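Hi everyone, thanks for coming. Let me put the sequence and the model up on the screen, and then we'll walk through a few spots together.

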Amino acid sequence: MPVRIIATADVHLGMKFSGYGELASDLAEARFAALERVVTVGNERSCDLLIIAGDLFDRVTVASVVVERAAAILSSFEGALVAVLPGNHDYLSPSGDRLWRSFADAAGDRTLLLDRAAAVPLDRYDLPVTLLAAPCDSLHGATHRVGHALDTDRSQWPDSAVIGVAHGSIDGITLDTDGVYFPMSVDLLRRTVADCWIIGHTHRFHDLKDARTVVPGTPEPDGFDVRVPGSAALIDVEFDGEGSGPSSLHREYRAQAVTTGVHRFVDADVTLDPVGDLRAQIEAVVPGPGSIVRVRVSGRVDEQAYRAWNLARDSLLADTTVYRIDDDDVQQFLTIEQIDRDYVAGSFAHSILKRLVEADDHDAVTEAHRLMREHAL
Ligand SMILES: [Mn+2]
């Protein structure tokens, strides 16, 4: 009997986005919508199991309304079970778990908290699956929590798929310079008895066949370091090898990313063409509704276009899809009229600038003008 899983991680419900001004509430709300879409996709694709591989919540101190909303959304999953692993942001705390206790109170009986580093057979939910759970117990950890999956005897579950669920960095995939996010390597994962791993923490989808590992990614991008749309992983685990006894059962997984996110974070560079419509040149790099764009603008324009650019920039910023404009590199052409106006005729500065403008050497004009202003010549 094949098993179909919808997997997500790093939902980070309760994230505040305090640096994003008036976009903050929209971005915070989008994370709940993303979890709803994960559940919807799971239902549409008739998934048996929904797995959340850590960081469902952004921190252990999220408001109880956040916990209740999460539990309500997850309760609409129509498969046999929702399994939730604590990640490094919503870690199990040794001092007692207000977060996970209130989650357990709010969640239904088809929700299972993976709160021990142990094997968890799911036969009581009528699923031919044993999970090897590796929850986080702190924000940081120098060593992974998957050790028990190395020396577990999997022959105790001859008819089950054995699926690891962990949270942390993966060597070569996740940036973890100091090795503080429960680091795992492809080699380590390969040596475990799992048929397949589902590992959270990395915010973009990966199917690491070498490591038999699926990284679902975050269902909704949470900043400019996530350049891909939000996704979840749809995983089919197939059993074959019939006829020669259960121990020879061969299990194989197939994984695909399904898009679940709304927002896209985009960085763009624009060199202004002073002749064209300035606002339109910026709008051309906005990929569409839901995108949050940071634009670096450069170019050299005349005095009139420079004034027009300042107006265009302000109106673009009032439009919240363009989140930030860095236009330090937009420079104004210097004209003879301006030089006559700003510098004393016959002065050193006046004659140098005038000669450079007449020679059409605008790079030199810009640089000389900058130096003269700096030194108040
Ligand atoms: Mn994490």
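Let's begin at Leu-49, which touches Val-3, Ile-5, Gly-79, Ala-80, Leu-81, Ala-83, Leu-127 and Val-129, leaving out residues up to four places away in sequence. A contact here is a pair of C-beta atoms, placed from the backbone, within 7 Å. Before going on, please remember that this is a predicted model: local features need pLDDT of at least 70, side-chain atom pairs count only at pLDDT 80 or more, and totals for chains, interfaces and linings use all residues. Numbering runs from 1 along each chain as its sequence is written.

Now, the core. Leu-49 is among the residues with the most contacts inside the largest nonpolar core, together with Ala-7, Ile-51, Ala-53, Ala-83, Val-165 and Ile-235; that core has 82 residues. By nonpolar core I mean buried Ala, Val, Leu, Ile, Met, Phe, Trp, Tyr and Cys residues joined through C-beta atoms within 7 Å. Buried means 20 or more other C-beta atoms within 10 Å of the residue's own, exposed 12 or fewer, and partly exposed in between, with C-beta atoms placed from the backbone.

Two backbone spots next. His-12 counts as buried because it has 24 C-beta neighbours inside 10 Å. Helices (H or I, at least four residues) and strands (E, at least two) are DSSP runs, numbered from the N terminus.

Arg-212, in the loop between β9 (206-208) and β10 (213-215), also has a positive phi, near 50°. Most residues other than glycine have a negative phi.

Definitions and conventions. Contact = placed C-beta atoms within 7 Å.
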